[in-house]
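This briefing is meant to be read alongside the sequence and the three-dimensional model. It is grouped by topic.

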Amino acid sequence: HNRPELFEQTLQSALAQSYTNIEIIVNDNSTNEDTSTLIRKYESDSRLRYYRNPAAKCKEDNFMPFANSAKGEYLQWCMDDDILHKDKLAMMVSIMVANPHITLTSSQRGFIDENGNFLEPMRETIIKDDVIGSGYKGSAVGNYMLKEISNLIGEPSAALFRRRDLVHHYWHADCRGYKTISDVVMWLELLEKGDLFLFKKPLSYYRCHTQQEGQQAEVILLSRVEWMKLLGEYYEGNLFIT
């Protein structure tokens, strides 16, 4: 949305994936044509499909068309300012193919600033052993996230999952009353059905900058209210917490 320079870096990181059996779908609800002009440089790439979506007034509207346009078995969200490690999909798909009980893969958090410079980890390192990654029971991860009020999995760009395992995709979480922690709602729904594999090495990089919604005071306040609602929902359903 009106961030063509940052979007191009995101797109390049998707095109550079070492796992080649991919489709890249871009939905653009910008209020200007800057992104539309930029994308012409890449239109010869058969993996890329671009849709101009000016009627979308919010991110939920802009995400909704993905449900019908995506064809792959796995789904990787990619925001317009995050960066993917070149081996992210290759590493995550290999884990999911070999482990049907894994419904969600992610990695420890990586961060970059407005200029793409790597930042020191802003959260505690979970995996300290000399391993590629670790598997965790979905029930234990769900319990931890709710008790600690913590998004252990990360932002939408951080994870990979099978499309068939998720009913309330990113835009549908809003229908359940969650506008600011819709990614958490997705992760918990997936963890109800299976387990998590977490890679030690960051495989996606979350860009920290002043334009983010999460930096706004009213969004921070609303997120706290939604966490309380989510805790109550899972407590009443006797899932993850009792």
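The points below cover the cores, the strands, the salt bridges and a surface patch.

The model is predicted, so local features need pLDDT of at least 70 and side-chain atom pairs count only at pLDDT 80 or more, while totals for chains, interfaces and linings use all residues. Residues are numbered from 1 along each chain as its sequence is written, and side-chain values use heavy atoms, with hydrogens and water left out.

**Nonpolar cores**

- The largest nonpolar core holds 34 residues, of which Leu104, Met145, Leu146, Trp187, Leu188 and Leu230 touch the most other members; such a core is a set of buried Ala, Val, Leu, Ile, Met, Phe, Trp, Tyr and Cys residues joined through side-chain atoms within 4.5 Å.
- At least two residues of this core come from each of α6 (138–148), α7 (182–191), β10 (195–199) and α8, and α7 gives the most, with seven residues; helices (H or I, at least four residues) and strands (E, at least two) are DSSP runs, numbered from the N terminus.
- Leu230 is in contact (heavy atoms within 4.5 Å) with Leu146, Tyr178, Ile181, Val184, Val185 and Leu188, not counting residues up to four places away in sequence.
- Another core, of 21 residues, lies apart from this one and includes Ile24, Val26, Met96 and Phe199.
- Val26, in strand β1 (residues 24–28), counts as buried at 8% relative accessibility, where buried means under 20% relative accessible area, exposed over 50%, and partly exposed in between (1.4 Å probe, protein chains only).
- Leaving aside residues up to four places away in sequence, Val26 touches Phe7, Leu48, Arg49, Tyr50 and Tyr51.

**Strands and pairing**

- Six of the six residues of strand β5 (residues 102–107) are buried, so this strand is largely enclosed by the rest of the structure.
- Strands β5 and β10 run parallel and are joined by five bridges, with Leu104 standing opposite Leu196 in β10; two strands pair if DSSP finds at least two bridges between them.

**Salt bridges**

- A search of the whole structure finds 13 salt bridges, each being a side-chain nitrogen of Lys or Arg within 4 Å of a carboxyl oxygen of Asp or Glu.
- Asp81 and Arg3 form one of them (3.6 Å, N to O); Asp81 lies in the loop between β3 (74–75) and β4 and Arg3 in the segment before α1 (4–15), so the pair ties together parts that are 78 residues apart in sequence.
- Both partners are buried, with relative accessible areas of 5% for Asp81 and 18% for Arg3, and a network of salt bridges links Arg3, Asp80 and Asp81.
- Arg164 and Glu73 meet in a salt bridge (3.1 Å, N to O); Arg164 is exposed at 62% relative accessible area, whereas Glu73 counts as partly exposed at 42%.

**Surface patch**

- Leu221, Leu222 and Val225 make a nonpolar surface patch of about 270 Å²; patches are made of residues with over 30% relative accessible area and no salt bridge, with like charges joined within 9 Å and nonpolar side chains (Val, Leu, Ile, Met, Phe, Trp, Tyr) within 5 Å, and accessible areas come from the Shrake-Rupley method with a 1.4 Å probe, where for residues only the protein chains shown count as cover.
- Leu222 is found in helix α8 (residues 217–236) and counts as partly exposed at 33% relative accessibility.
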